[in-house]
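Good morning, and thank you for making time for this.

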Amino acid sequence: MKPSPLARNLFLSCFVATCACAAPPPKSGAVGQPLGIKALSKHVPEMIYYIYDWGDGTWTPSGRVAGDTGMDLEHIWRAPGEYPARWMAMSISGRGSEWHPVPVSIKGGGLAPKMETIPVRSATSGQKPVNSAHPERTSKVMGVLNWQSAGSDSPLVRNWLSLEFGVPRAVGWIVLTRHAKEPFPEFFAIEYSMDGGKRWHPVMNAVFAFFPDPGKNAVWIPLNGVMADAIRITTPRATRLTSGKFGMALGSVQVVAAPPPAFSSSSSATKLGLWNNLWLNYGVAANEVFSKNNPWWQTDRPLDGGALGIGSCEWLFWDASKITWMPGNPEAETLRNYIRNNPVGADGYAWPSPGSDKHLGHSRHIVTNAIYPMAVAQVYLQTRDKGFLELKDPKTGESVLDKARRAMDYQLKTLGGSTGLLTITDPEIDGTPASKGNNYWDFWLFGGQSAYDNAFFYESLRWMAGLEEAVGNETRAAELRALRPLVKQRFNETFWDEAKGRFIGWIDKDGKRYDYGFTFVNLPAVAWGLADADRGKQILDWLDGKRTVAGDTSTGKDIYSFGFAPRTNTLDADAGSPPMVNTWNGALKIKAGGNAEFGKQIQNGGAIFYVSYYDLMARLRAGGIANAMARMDGILDEAAKDEIRRDPANMEGHSDIVGILREFPESGLVPLFFLNGVLGLEPTANGLRIHPALPPGWKDAAVRNYAYAGNKLLIITATGIVSPLVSRSGDILTIQVPPGGDWLLTPDGKIGPWKESVQ
Amino acid sequence: MKRLLFASLILVGKLFADEVPFHWEYFEPEVDYTRRLRAAGATTNWEIVNQPTPEQTGPSLKLTFQFSKQQRTGVLIFDLPPIAFDRISFRVWNPNPPTLPVYLHLSAFQSSSLGASRESISFSSRYYGDTTPAPASGQFLRPDVASAPLPSSAQAGWIPVVVKFPQDITEISVNGKRRPPGKEDLESWKKYAFPTVSLMVETKSPETKTEPFSLYLDDVEFFLAK
């Protein structure tokens, strides 16, 4: 006899409720204060998710993690009392652990935060057989209390219930309860839409299999502020109902609002919604799956997504750019530790990783000597925390500031930067065909005199000068700044190709020049001010297809054929002889039909998303805000399709065509164009520069919860503001500036005009 | 057609009366398979198609292969959230005539970064239709030892394939070294979780490049007995 659906769920609950665990002493907390409970179950090797029963009538499930990985979720209790909290783990194959009791004792005196329910304008249900070409059937739903779908004879029917808000809203939670008579869905996922339900996107951390019966508990599923104009609960496999048919049933569905998102403008709610979701996915990566429950470690296909950062030196400046403006982010401490622990050798060479002076044990990366001081400067100038500069390397006892200074000196002295041009003399990375790759783009044999390294050198002089001035070392700051014009001059003399109208990649030790149309060299060079107006325009004209470089493999519109970023290079790696690439002992094959042929490899005709950040900043500088915003609109159009969650594979089994997910946390730089481009925010020696550039048609732009010098800022620029104003309300410092101006907010909260001479 | 559809539903219903696959690939057009599938070797293309055969009313995966003397294995890789399983079932439609013998089997790969074992291990199942015992040490898995190729669907229709683990494992590769499975390998099967499972489609060594040909795949289901 087949068990009834309720009996089946109760059986599952009983199966996982068997507990031989003695309850530990109660954890203590207070009303309104978050209290965390750690969970760790190693009962199965495959992926699991945790379910927390808080003992107050609510459950919270976690996202999926590897079978040997723990979880630490927080909860806020809303009334004093003794609560029988507990947790269990469920594997994606349906093997549940025991419930582990963690009793909680909550004292009164505090206030729980208010929860706002998002009003639902309409609701729709739908069905589509899974393994069939039959079209979906949808119908309007008049009420979602004790709602159930139409039943079907087969469980192979996808059911969904969608709730439409009419306007984009920041969604904090979706709360589900069990139907009065029918079972709770065993398999379900939460999806959201930003176009009224035309396209649905997954919330990666809200996918559940073999979900146990919650009984009378409300299941609170965190959505962390995803911007949506509709949310739906979808079941890929229907549950057996009391009638014997298969379907989906819910007692109630409530959608709870999140605080407003960080980036706002009255210009276009949809555009800003997509922009904020790019930050949510690739900036803070709040809804992504982390198999190690650690946003600094990549998750593999098919669950790969955005990530917060990578702790190796090559990423530290990008990590700092992403993290330091977010107030109270616990990962700021992790970032500080990575910077503190990153070795700088006795010779001043900044190691690419904590354990080795060679990246992945392969080759030295000279650019780390620019990146390390840039990261240190970014953190200090943003936070003004002197304690950070005094952090001591655990092995050498040297301070972070002193390590940054020695890394800078390595560039100036060992690499010859004081002459205006860095030259790499390490014979392993001399830029010849026998060379190894020496930076992020390690497929290419950059070395010798490298435009990539010299561009970073130029930018690091600016950051380090700002840091030195901020700590009172004005003489040193002046020396570093004084070198910049020479570096810019020599950069242009050395790397500009007059015939092609762009900067080349590098010159090897024998004087041979190599150019493959590197967008990741040219765009940062323009963004950082290395190109004058004419050269900046030539570079943008090349990329926009307004002129063609003879011999290039990709020209015109094809350069942006990926949509979310330009191709890495516009001349095929196979065009030169010998090919100036590292094939990793023949593993990468660049000839047509090979696994690294042009267009099929991130570093050869493929595309990496982070380059778009420098594309946007370059366009702002060389083409103006309208030019930059047109590119951003193209990126947002791509995001509207599929959140740019792309990880295709070539027919050689390699999924290295585009670099967006998994080990590419720098994808999160792209939405930061809102801060650094539109609002023009930049931490400098004397304060926060605010240099807004409102896109055409925009009346205003604002950022909430921007951390600067220990303050939490709301920064607004709007056409109606005629003079700058600073005001405080509670712990928020509000800064209002007119658009088009150039302002400086000092660390102690005073605002005035930005002065060029203090740069 | 209705009778066949009814029969397939009966078959599906029978499966569900016993247990529910916890992971499945039904090749629905709404799912982004570019993030879940990879192809290599003699596999030259894959695509989701509707109605690949007169009897099929839903989507399935069409695989295209082209074998050569140098490349006689077509691979389809399923990227998975690491999962444990003890049975995989699927259906194959082979539109090719018997003159083009095709052999298929599965390989499950465990990455060395997973917690269960720090080694890179793959477990390969016997070829479809092969009932011979595991080859002796030194004799590796290859079509020559399989008892029969995949039948042609002109006679057999959709071909159901069921692979049981560890019973159907005939070869293990540990850090690249291949050997027959040992008793301890088979007894410790449930300690592993797999991030990839590959469908290997092979032919005996052709002298020249074959014309492109296709297979259709559907209803890939993963089971684990509790």
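Predicted model: local features only at pLDDT ≥ 70, side-chain atom pairs only at ≥ 80, totals over all residues.

Most residues other than glycine have a negative phi, and most peptide bonds are trans. With that background, we can turn to Arg662(A), which is likewise not a glycine and has a positive phi of about 65 degrees. Arg662(A) lies in the loop between β28 (658-659) and α14 (673-678) of chain A, and with 18 other C-beta atoms within 10 Å it is partly exposed.

Now to the peptide bonds. In chain A, Arg301(A) and Pro302(A) are joined by a cis peptide bond with an omega of about 0 degrees, and Pro302(A) is placed in the loop between α2 (269-283) and α3 (313-323). In chain B, a cis bond links Phe165(B) to Pro166(B), with omega at about 5 degrees, and Pro166(B) is found in the loop between β9 (159-164) and β10 (169-174) of that chain.

Finally, I would like to look at strand β3 of chain A, residues 48-53, which is mostly covered, with six of its six residues buried. In a regular strand the side chains alternate between the two faces of the sheet. Here, Ile48(A), Tyr50(A) and Tyr52(A) point one way from β3(A), while Tyr49(A), Ile51(A) and Asp53(A) point the other way, and all are buried.

What does β3(A) pair with? One partner is β4(A), residues 58-65, in the antiparallel sense and over five bridges, with Ile48(A) standing opposite Val65(A). The hairpin of β3(A) and β4(A) has four residues between the strands, and within this hairpin Gly55(A) takes a positive phi near 80 degrees. Another partner is β7(A), residues 86-91, again antiparallel, this time over six bridges, and there Ile51(A) stands opposite Met88(A).

Technical notes:
Residues numbered from 1 in each chain as written. Chains lettered and ligands numbered in written order. Helix = DSSP H or I, 4+ residues; strand = E, 2+ residues; numbered from the N terminus. Buried ≥ 20, exposed ≤ 12 C-beta atoms within 10 Å, placed from the backbone. Pairing = 2+ DSSP bridges.
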